[in-house]
Amino acid sequence: MLKIPDHQVAGHQAGDGKLGPLIDDSGRFCKPLQNDERGSREAAFYTSFSSNTKIPDQIRRYFPLFHGTQLLEASDGSGLHPHLILEDLVSTHVHPSVMDIKIGSRTWYPQASEEYIKKCLKKDREGTSLKLGFRISGLQAYESEESGFWKPAKKVVSSYDVEDVRSSLKRFVSSNPLADAKPDGSFASVVYGGSDGILAQLLELKAWFEDQTIYHFNSCSVLVMYEKAGAETGMSRAEVKLIDFAHVTDGEGVIDHNFLGGLCSLIKFVSEILVNLGD
Ligand SMILES: O=P(O)(O)O[C@@H]1[C@@H](OP(=O)(O)O)[C@H](OP(=O)(O)O)[C@H](O)[C@H](OP(=O)(O)O)[C@H]1OP(=O)(O)O
Ligand SMILES: Nc1ncnc2c1ncn2[C@@H]1O[C@H](COP(=O)(O)OP(=O)(O)O)[C@@H](O)[C@H]1O
């Protein structure tokens, strides 16, 4: 049975007669193809990426598994609609803490329409993209059975400034994300740090981006995920994945400086949280 995911933190959402992703019980995340070129671009990306033998295995694991496209009943009631059948990245989590971070100081690309570029430039300027090379698009962090999740509203997140980004990255890995008090950052070392933590994963991705010239990942996001119960026992299952490939273009032999720069900036923010843990 397909249902609306309650773990989605950004992007187009199903419900209220709108077209959005659906999940099933077998761990599939079904993302409807957008009707314009965004849909065909994303499907083309997954098809090309799946069969590209130049992608190292240790990098492939940062992308959702792709099981092709299928016609499914759309969430907006419009009937059968093509969906990308992806791995649901949090299907094995009980209380997933998830943050969507859109990478790049520029979320548009030269081939896009003037109108689209204008819209993106406005969002990039108003958010932290231009200043930092990334912005938080949405997030949720689990606190407890009683209080549930810290899940700030879309309009709150879209108005984040640099300091809000810094404090949200710390609050996201705190045991008290909903508290007015200073976030304790108590899961930072287990989630962000360590040999297989978020920072190590971001650094591995960065090393690939320093070389790869196959794709330009315009407007893509890094999805950061962990499970609080695991973090409490030192086994957070913290993971980084890349998502949203509706604006990927051919790299044409050129380094993706826009993505690489944003990734470096995010790495610096995460590193600083680890360095300043005692503060
Ligand atoms: O439709 P909205 O308001 O949810 O905005 C979408 C954005 O959602 P968010 O700002 O995160 O809530 C959405 O952002 P995310 O990718 O979810 O970070 C995109 O900017 C999307 O544009 P496009 O599909 O990339 O061309 C945006 O879609 P369009 O404005 O192009 O429809
Ligand atoms: N494969 C996936 N598994 C689990 N959640 C996902 C997956 N892909 C996307 N999401 C969730 O959906 C949100 C929007 O995804 P995205 O691909 O950016 O959609 P859009 O193109 O509408 O912006 C993400 O912030 C995340 O919460």
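What follows is a short chat about a predicted model.

Visitor: Which domains does the domain assignment give?
Guide: The assignment lists domain 1 (22-87) and domain 2 (96-275).

Visitor: How far apart are their centres?
Guide: The centres of domain 1 and domain 2, taken over C-alpha atoms, are separated by 21 Å.

Visitor: And how many residues does the contact take from each?
Guide: Domain 1 puts in 20 residues and domain 2 puts in 18 residues.

Visitor: Where does the second largest pocket lie?
Guide: It lies between domain 1 and domain 2, because both give residues to its lining. Its volume is about 240 Å³.

Visitor: What lines that pocket?
Guide: The lining has 18 residues, and those nearest the pocket's centre are Lys3, Asp6, His7, Ile23 and Asp88. By type, the lining holds seven nonpolar, six polar and five charged residues.

Visitor: Back to Ile23. Which residue stands opposite Ile23?
Guide: Phe29, in strand β2, stands opposite Ile23. Strand β2 covers residues 28-32 and pairs with β1 in the antiparallel sense, over two bridges.

Visitor: What is the strand order in the sheet?
Guide: The order is β1-β2-β4-β3, with four strands in an open sheet and antiparallel pairing. β1 (22-23) and β3 (66-73) are at the edges with a single partner strand each, so one side of each has no neighbour in the sheet.

Visitor: Which strands does helix α1 lie across?
Guide: Helix α1, residues 37-51, lies across β2, β3 and β4 (80-87).

Visitor: At what angle to β4?
Guide: Helix α1 runs at about 40° to β4.

How values were computed:
Residues numbered from 1 in each chain as written. Chains lettered and ligands numbered in written order. Predicted model: local features only at pLDDT ≥ 70, side-chain atom pairs only at ≥ 80, totals over all residues. Heavy atoms only, no water. Pairing = 2+ DSSP bridges. Contact = heavy atoms within 4.5 Å. Axes fitted to C-alpha atoms, helices over the stretch in contact; angles between N-to-C directions. 1 Å grid on protein atoms, 1.4 Å probe; cavity = no way out; pocket = protein on both sides within 12 Å on 5 of 7 lines; lining within 4 Å. Points joined across faces, edges and corners; volume = space filled by probe spheres on them. Nonpolar A, V, L, I, M, F, W, Y, C, P; charged D, E, K, R; others polar. Domains from an automatic or database assignment.
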